[in-house]
Amino acid sequence: IPQNYIIPNNRLINKMVKDKVPYNEGFDLKINNEAAKEAVITKVSLNYDDSNIQIYDKDKRFTPYDRSVHDAICSWYEAGNINFTPEQIYRCMNGFDDSQYVSPQAVGAITKSLDKSRRILANINYTDEAEEYSKGIDSCIVEDYILSAKKVTLEAGGHKVTGYKLNSKPVLYEYAQVSGQVLTIPSRLINTKDVIRSTPEVIIIREYLIREIEWMKRKGSKRNAKIRLEPIYIEIGDPKPTKQKAERIRETIKKLLGSFETKKYIKNHEFYKKGRSFEGVEIFY
């Protein structure tokens, strides 16, 4: 059972969860700062193999929920495991032990995400980027499915169990390690069952908050920073929520940050407004 939770956090995976990422064609990803005189470009292509599965186009995208499932797999792998079930991945992405009940709905969502990632082929040409770290490299291209894994379903005595076996380290994780853009937090931090139920939306919001807080802490000496609400709305797929939905999202954020405070991850938080509307939440740590 992983004691640490692994979050690859670079420009590629951040871009992939956005709807405008082109599939079945290549795109360039600028790695260095905009002010740099010479651009460092990584060339990426994502191809979806749907010959064995029929789903809507919008579901082919690598979503924020898929990202959370992927991070749990990286955590599971880093703990020394290559075999897993959807139930184990769900427990991992919520910081649970191996005794927690997992609903059929949650198993279905995890299975759908795993099978999607097993069919998205990523080709990442990071020759320019690799040269920044090690001179003399002529070419550096990695190609693999986002999740390279064998799927096995066993049935006996009226019971059916589906499991997976990783063939290799997840390619997005491997790529993020090249530049050291991997966040590592204690698994206990994502166990928030004492304050809120782990729905897909809660999971997405929780991980978004953690990524933002970790990024703030890495920036330097500032002891507080602000997280805007609008990107969170976009992350959960509801960019213009109703007033009632926005209130529920703020309540979710409040509960999650309260759990972080109890675990001494942050000191305090406070929502702030722009005019008469809530704009975001300020984090003190």
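Just after helix H2, Gly80 has a positive phi of about 100°. The model is predicted, so local features need pLDDT of at least 70, side-chain atom pairs count only at pLDDT 80 or more, and totals for chains, interfaces and linings use all residues. Residues are numbered from 1 along each chain as its sequence is written, and side-chain values use heavy atoms, with hydrogens and water left out.

**Helix H2 itself**
- Helices are DSSP runs (H or I, at least four residues), numbered from the N terminus.
- H2 covers residues 64–78, and its 15 residues should span 21 Å at 1.5 Å a residue, which agrees with end C-alpha atoms 21 Å apart. The expected span is 1.5 Å times one less than the number of residues.
- Of the 15 residues in H2, 13 are buried (under 20% relative accessible area, 1.4 Å probe, protein chains only).

**Packing against H6**
- H2 packs against helix H6 (residues 171–178) at about 75°, with the axes 10 Å apart. Axes are lines fitted to C-alpha atoms over the stretch in contact, and angles run from 0 to 180 degrees between N-to-C directions.
- H2 is therefore roughly perpendicular to H6 (65 to 115 degrees).
- His70, Cys74, Tyr77 and Glu78 of H2 meet Leu172, Tyr173 and Gln177 of H6, where contact means heavy atoms within 4.5 Å.

**Packing against H7**
- H2 and helix H7 (residues 200–219) pack at about 70°, with axes 9 Å apart.
- H2 and H7 are therefore roughly perpendicular too.
- Pro64, Tyr65, Arg67, Ser68 and Asp71 of H2 contact Pro200, Ile203, Ile204, Glu207 and Arg211 of H7.

Definitions and conventions:
Helix = DSSP H or I, 4+ residues; strand = E, 2+ residues; numbered from the N terminus. Buried < 20%, exposed > 50% of the residue type's maximum accessible area, 1.4 Å probe, protein only. Parallel < 35°, antiparallel > 145°, perpendicular 65-115°, else oblique.
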